[in-house]
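Here's a quick briefing to read with the model open beside you.

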Amino acid sequence: MNNNTKRSRTDAASRKVTTEFPFRLNWYSDLPTAEVSLADFETYALNRLKVLKAIENASVRNRNAEDTKQIVRAACEKYLRLEPNHPAPTPEDNRRIAAQRRMDQQSHFILRLAFCRTEDNRAWFVKHETALFKFRYDDEMLSDREIWISQQSLSAAAITSQERAAISADLTCLFPSNFDMKFYKVPFEHVLSLVARRAVVVKNGFAYVPGTEYSTLVTNAFKSSLTTQLESFARALPRMDEDDRLVPILNSIARQCAMRDYTGTEGQNGDTLTANDIDGLVPQGHFPLCMSNLHAHLKADGHLKHSGRLQFGLFLKGTGLPLEEALVYWRRAFNKLTDDKFSKEYAYNIRFNYGKEGSRKDYAPYSCSKIIMSNHPAAGDHHGCPFRHATPESLKGMVLKAGASEAAALDIARLSKEGHYQIACTKLFEVTRAPAIARARIAVAAAASASGSDAAAAAVAAAVAGGNESVNIGIVDIIEHPNQWFDMSYRGTDAGKRRGAKKQLDQDNDGGAAGPMDIDR
Amino acid sequence: MFSDTDNKDNRSEILSQPASPSSDNDATTGKNKKAGYAQPQSARDLGNELEINFDEDDLPTKTATKTTRKSFGVNYITAAPAPSSAPLSLMLDSDTDFLALLDCFYRRLFPFREFYRWLSYGLVQRNYFQNRELSFTLASDSYLRFQSFKDGEELKHRILELKPVKIDIGAVYNAKPKEKKSIQEGRFNALERELVFDIDMTDYDPIRGADICLKCWDFMTVSIKILDRALEAEKNKKDFHRAEDFGFKHRLWVYSGRRGVHCWVCDDRARKLNVEARRAIVSYLEVVKGGDENSKKVSLSSKSTHPAIREAEKILGPIFTTRLINNQDILTSPEKYEKLLQLIPDEELKKRLRSSWENKNKRPVEKWSEIMGETQALSKKKPALAATLQEILFNYSYPRLDSNVSIGLNHLLKAPFCVHPKTGRVCIPIDQKYCDSFNPFQAPKVFDLINEISAYDSAHVGGPSVPG
Ligand code: SF4
């Protein structure tokens, strides 16, 4: 009897949950009510994080839509399974489905807590949660999706024929054959991505969204509601900090995802560059194209515009150039200025980069995605990523100058044309830098075996053999950060040999996964 | 460059001073437009901090402020106001004491009441004026950010005291900007700001002729027309199909004092737009994109046309063929037209045009109609050419925006009715309906205004009341 009541109670609970989550899609506007154990808390969060990371990976590698779908689907199956509604569910099904959906909701909210505290984290979370939502939305069964949508407060009604007549000239202009298209009228703020691409007719503050873009409408609404909610979470957070059981877990979750961070605080790696070193590093190929391009313009013009100074200056900081040296370097580079003008107008900027002025924040060098996505260079600017922002002709010139063969240059041109900027950059690294690195390793190995350091020699031999041919260092990680290029190139070859080669070895011993911090064991 | 020629002309005439330090500087940083003062793109990252790095344009002229020439006083009263006697130049006559002029300008002319009324927006929202950032550039080169004021009186008082050579308007924050220091970092945030646009001739350097003159103003006139149309609201209910894109009613266009225009969109909805929305609007309006590495800056679809592009084309077409093509040296020398030919994605056609243009007597208009005829004829066979004409047109005449100024909430923009420290011209509003007839060379100069006041004073009150 006891058993029976227990069962019926869980049945009731499961029914309650299925009514609580009648659909797979979730707007996450209601807070979870069920309790979670501390152990589950972390597992749920990490599982969801794996899915979001998979999405990120797919987008960094510029997979096409179909591949991306496959990747996301596989990750979801594994870590965040969500079954669709069954036509005739057994209580067992219901229980399982309810549990899945509850976990989906809970894990979402745990990550919210973990990611709401800094603006960068919030942006990362929103971006990838939105992508996950979009994937699920597109994947949902049509009937369920329509019922779900109708229950959300999305006020987008299709326009009437009258309204349509009034703007038909404009509609036809943008959509030459639009007879069987539906249009939805929403405030333009709701579909900014479409406005930005001029993919919608905008009239008197309203955007007329074609039916084909309806999912954009829904996804954007999801995104903006998530953004607002995260911000209010962030405001509420100081109160939660008191719950000291959660804080360490949340911190560790957020850290799990933190992308490799090139803060480049001086001396971090125990070695620093000097102002005299910089110009010599460029011809050796230690700078990625975006930076060697800025460097070339800096040399030619004796000046760089603000965004260029930021991009290049922070990169130099990341290479380990200390503030004093940076001041010397920039002073020399801006050779047309008087000392007075320099110290008045530019020295501040440089100290600022190093967190010595203003809000004293230690600014991190820009990552590729930041360089590629934000702040499109305007006339006279040289910042940005050449793979993204240069003309095919000038890109080709730069690529050849960097030492790529004609064939490789063609390949790279194609990759950038297709929008695979970072892959193009990685390719350039492979063809121009990898041979030098491999040679350097062999040299180190030779030296090491001469001095009897067998472990090191073995490691090198393994590294080289692993590549199958003598000038291959194996698969290079996708370049995600200009300083990653620098680190791989500089620390991997002669120039960095004195200080860096030993580290590279140790890293390789670790399967190459170790960050620069793990080096001095 | 604009300022070089100007500086030199002016000085050799007036001061017979061969070269000036500021024209030297122009050569290196003059192009470095808005680099720092308007807050960098990543103002957010920079924690809203000030960055002292002025644009040359916006620096007070050293010669203007530091060389005191003749003593003031009677001088400008007796000197007959002769606004048009000077050569066509936008530069300030150096032999004036700019600060004394400014003092008088602020005391007698600056519209403080209207300024306060504008920025308080009917006091509908609490502390809207009090939480607004203003910033001042002083003659001493110092730059005071995060100033804020209780009311118009306090603002006036402070301006009269400091006599800033430039006043910038920033965002409305969640607290009083002057108390920023006492607020925990990260808790002081910009909430609202007008949607602003900044268009400056510097951005047109790659496509305009070397000399500067009224002809270049065509670019600004076109910009006003195109942007104003896109931002405009429904004119009247019955006429719905004439409603324009974004539906903003309150748009103020202002002459920047030198060679550009600013636009302030003040609707409630515009002020509340977040950074994303501003970025989207800018991207919607921006057609000319790309840095120096990118010679093809305009890419338009050949399959369909966005209504905003169609409307812009209606405005650009006539001006391009009747004025720009002749005035801007676009198709004159091979050096110039090679740049244009780069925009044509068809080698054979380029060759044909080149050889036909070897005939030196061909006028630009003829060359243009050749391009038009050829591309149109070919576009049926070669779809790549379908959008080429449009792309050329837009490349040479479509507004070029300084997008960072528009996007960042906490960017600053020079306030209307300031006096440009280099030219001495007042940043007066431009009525967009009559923008065709706006002539920057006739914008009032502070010098002339003060003369008029003095003349009036001496005639009416019996003596100058302006300070010496
Ligand atoms: S992909 Fe990254 S590192 Fe390579 S050029 Fe572009 S921004 Fe620089």
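Let's start in chain B, where Arg271(B) lies over the face of Tyr121(B), at 3.5 Å from the ring centre. For a charge to count as sitting over a ring, NZ of Lys or CZ of Arg must be within 6 Å of the ring centre and within 35 degrees of the ring normal. Keep in mind that this is a predicted model, where local features need pLDDT of at least 70, side-chain atom pairs count only at pLDDT 80 or more, and totals for chains, interfaces and linings use all residues; side-chain values use heavy atoms, leaving out hydrogens and water. Residues are numbered from 1 along each chain as its sequence is written, with chains lettered from A and ligands numbered from 1 in the order in which they are written.

**Charge over ring**
- Arg145(B) also has its charged end over a ring, that of Phe146(B), 4.4 Å from the centre.

**Aromatic pairs**
- Over all chains, the structure holds 50 aromatic pairs (Phe, Tyr or Trp rings, using the six-membered ring of Trp, with centres within 6.5 Å; planes under 30 degrees apart are stacked, over 60 edge-to-face, the rest tilted).
- Trp27(A) and Phe222(A) make an edge-to-face pair, 5.8 Å centre to centre with 90° between the planes.
- Trp27(A) is in the loop between helix 1 and helix 2 of chain A and Phe222(A) is in helix 10, so this pair ties together parts 195 residues apart in sequence (helices are DSSP runs of H or I, at least four residues, and strands are runs of E, at least two, numbered from the N terminus).
- In chain B, Tyr255(B) and Phe438(B) form a tilted pair, 5.4 Å centre to centre and 55° between the planes.
- Tyr255(B) belongs to strand 6 and Phe438(B) to the loop between strand 9 and helix 17, 183 residues apart.
- Tyr255(B) is buried at 0% relative accessible area, and Phe438(B) is buried at 14%.

**Annotated cysteines**
- An unreviewed UniProt entry annotates Cys290(A), Cys368(A), Cys385(A) and Cys425(A) as "binding site" (positions use the numbering here, feature names are shortened, and annotations may be inferred rather than shown by experiment).
- Cys368(A) lies in helix 18 and is buried at 9% relative accessible area.
- Cys385(A) is in the loop between helix 18 and helix 19, and is buried at 10%.

Technical notes
Buried means under 20% relative accessible area, exposed over 50%, partly exposed in between (1.4 Å probe, protein chains only).
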